[in-house]
Amino acid sequence: MDSETKAEFMRVLVTGGSGLLGKAIEQVVKQEGGCLEGEQWTFLSSKEANLVDLQQTRAVFQKYRPTHVIHLAAKVGGLYLHMKENLHFLVILCSDQCKKPEWIFNCSNQNMIVCVCVDFTDYRGYFAQHGRRYTAVIPTNVYGPYDNFNFENGHVLSALMHKTYAAKKEGTPLQVWGSGTPRRQFIYSLDVARLFLWVLREYDEIDPIILSGESNKSKSNQMLLFDTSKSDGQIKKTASNTKLRRYLPDFTFTPLSEGIKKTCDWFVHNYDIART
C-alpha cells in the first residue's frame, strides 16, 4: 500500500506532544508540509491526559479514534537522572479491550534497550495472533529544540549547551562531568521526526529499526575542566544505521555542527521557556 493510499485512513495520535520529539514531529507536519491529504494529526501532552491512568487512556482513544499512534510519552533524562532514579524508567506497555490502532510504535533510546526487548517479543505476538503492527524506533542520542537542558537531569549534549551558555555568561571555564573519553552518536530531533514519518508510512517490519546519524566530530575553543569524580557511564555507546541505509540510502542527516548551532540559537532565544 503506497503512502497516498495509507493517508486516506490515517488518524495519527502523538503522545508526548510537548516534548523534544513531539515538537519536532509537529514542526515537520505543520511547517514542512509533512501532513499528507487525508491525514489527521493530534499532539497530546500530559496536561491533556495522564496516560498512566487507564480511564483517561480509554477516554483519549474513544475521543480521537486513532488508526496510528506514535507513543513518545515517557520519563526522560540523561545519565545522571537514570543513575538517580533508575527504576522510574521502566517501561510497561499494556492494552485493554478498547479498539486497538492499526499501527503503533514507541520510541526508545539505547539506555532502554534491555527493557524494550520484552516488548519486541510482544510485538511479534500481536502481529501473528491479531494482525496488529507494533514496532519500536531506536534513535541514538537525540538533541534539539525543546529538549531538557537541565545541568543534572538533561541529556548530555543539551546539558553541555546550557553549561556553555552559563560559563560564557559568567566568564568561567566550562566544567564537563566525567573524563570526556566516552563515545556517543547524536542525531538532530528534526531528522528523527522526518524519519518517523517515513516509518509510519513505509516501514512494514515488526522488528525495530535504529536511527543513527552519520559519524562526525565537533570541538570547542572554550577552556574545559573535566570533573572525573563524575561517572562516564558506558564508555562506548554506538550503533549502526546499516539497516536504515538499506531503506534510505540518500537520506541527508543534519551535520552535528549545524544541529548544535540551531539548538543553541533556539535555547538562547527561548531561555525563559526552556526546560532548565
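Reader: What makes a set of residues the largest nonpolar core here?
Author: A nonpolar core is a set of buried Ala, Val, Leu, Ile, Met, Phe, Trp, Tyr and Cys residues joined through side-chain atoms within 4.5 Å. The largest such set has 42 residues, and Ile25, Trp41, Ile70, Phe196 and Leu211 have the most contacts inside it. Helix 7 (residues 189–202) gives the largest share, nine residues; helices are DSSP runs of H or I, at least four residues long, numbered from the N terminus. This is a predicted model, in which local features need pLDDT of at least 70 and side-chain atom pairs count only at pLDDT 80 or more, while totals for chains, interfaces and linings use all residues. Residues are numbered from 1 along each chain as its sequence is written, and side-chain values use heavy atoms, with hydrogens and water left out.

Reader: Why is the pair of Tyr165 and Phe267 called edge-to-face?
Author: Rings of Phe, Tyr and Trp (its six-membered ring) pair if their centres lie within 6.5 Å; planes under 30 degrees apart count as stacked, over 60 as edge-to-face and the rest as tilted. The centres of Tyr165 and Phe267 are 5.5 Å apart and their planes stand at 85°, so the pair is edge-to-face. Tyr165 in helix 6 and Phe267 in helix 9 are 102 residues apart.

Reader: Is Phe267 buried or exposed, and how do you know?
Author: Buried means under 20% relative accessible area, exposed over 50%, partly exposed in between (1.4 Å probe, protein chains only). Phe267 has 2%, and is therefore buried. Tyr165, at 25%, is partly exposed.

How values were computed:
Helix = DSSP H or I, 4+ residues; strand = E, 2+ residues; numbered from the N terminus.
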